[in-house]
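This report describes a protein structure in plain terms. Please look at the sequence and the model before reading on.

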Amino acid sequence: MTIKKVILSIDGGGIRGIIPGQILLHTESLLQEISGDKNRRIADHFDLIAGTSTGGILSCAYLMPGENGRPKYKAPEVVDIYFERGQEIFTNTLMHRIKSLGGVLDEKYTAEGLEKALFDYFGDVKLNELLKPTLITAYDIRRRRAKFFTQHDANQPDSNFYVRDVTRATASAPGYFQVANIRSMGKKYYPLIDGGVFANNPAMCAYAEVRKSSKRDNDTVVASEMAMLSLGTGYACNSYKHKDAEHWGLAEWMVPLVDIMMSGVSETVDYELMQLFDTTGHPEQYVRINGELKNQDDSMDNVAPENFKALERFGNTLFKKNRKKIKDFLEMTLRD
């Protein structure tokens, strides 16, 4: 068995990006231990990193170029975007809260804090300058189709964008932030919203992208030649009783329906990939790490210090519970 492509996929989830961020902080340290290379980074190990929304921000941060073609950020510095800038991103002026009626008449947050944080982390770096192939999701509301940002296809002006704009687009959750209207290097505009509306778990998109790009390069990679680590941002098991939901109308269904649709799509992707890798005879080549949120807020924008701590602890706990599984995955996929 030869593994040709190693894939990392990271779900969306707003401030809950702390969870996969913490898992990858420990994963990077474990990778250094296994390889004997203290300078080893997440970007060194994976051939493609995919992300939606907060996962898209993380993905691009791990692949940011620094000095001598090495990754700019260590894993602890990547997750710090939430601890250091989270309150700035998800904070509003009193005037905007009044104007928007708490997000009813306008987006819940202005984009100023988000855009400032993204500029500080990504500057003027372009998509084609990221260190490895990527797949970042968004949805084009004018053309009514999914938009996939891919570093390996960004060789033409209309396919190339500032990374700060790519991350702004993938994180433009409807109702939370204003629709992103970003411009390619070819000066074409794209009105985009959060890729979580169709692929909050982008793992299957990542699988398809590897298949497509490898075929184009005349080196077709099949499932048995791939290995994938897929990271969630936690989930809440909100149950709804028949007697309560029996006569709900559109207003009552709005919040539960979004919750059910997003978790259902994510669970379906996990099921599909488990079956797909199982048919290869190598189910261990697909690893999904996620967990139920119990003492943590499942909202995307709770930036209270106590919630930061709770999410950090949860990420650490998930890593500890799955340390052997992650270690086995890294050893299986380690290459010089």
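## Helix H1

H1 is followed by glycine 36, whose phi is positive, near 75°. Helices are DSSP runs of H or I with at least four residues, numbered from the N terminus. H1 covers residues 18-35, which is 18 residues, and spans 25 Å from its first C-alpha to its last. That is close to the 26 Å expected at 1.5 Å a residue, where the expected span is 1.5 Å times one less than the number of residues.

Among the buried residues of H1 are Ile18, Ile19, Leu24, Glu28 and Leu31. Buried means under 20% relative accessible area (1.4 Å probe, protein chains only).

## Model and numbering

This is a predicted model, in which local features need pLDDT of at least 70 and side-chain atom pairs count only at pLDDT 80 or more, while totals for chains, interfaces and linings use all residues. Residues are numbered from 1 along each chain as its sequence is written, and side-chain values use heavy atoms, with hydrogens and water left out.

## Cysteines

A search of the whole structure finds zero disulfides, a disulfide being a pair of cysteine sulfur atoms within 2.5 Å.

Definitions and conventions: Helices (H or I, at least four residues) and strands (E, at least two) are DSSP runs, numbered from the N terminus. Buried means under 20% relative accessible area, exposed over 50%, partly exposed in between (1.4 Å probe, protein chains only).
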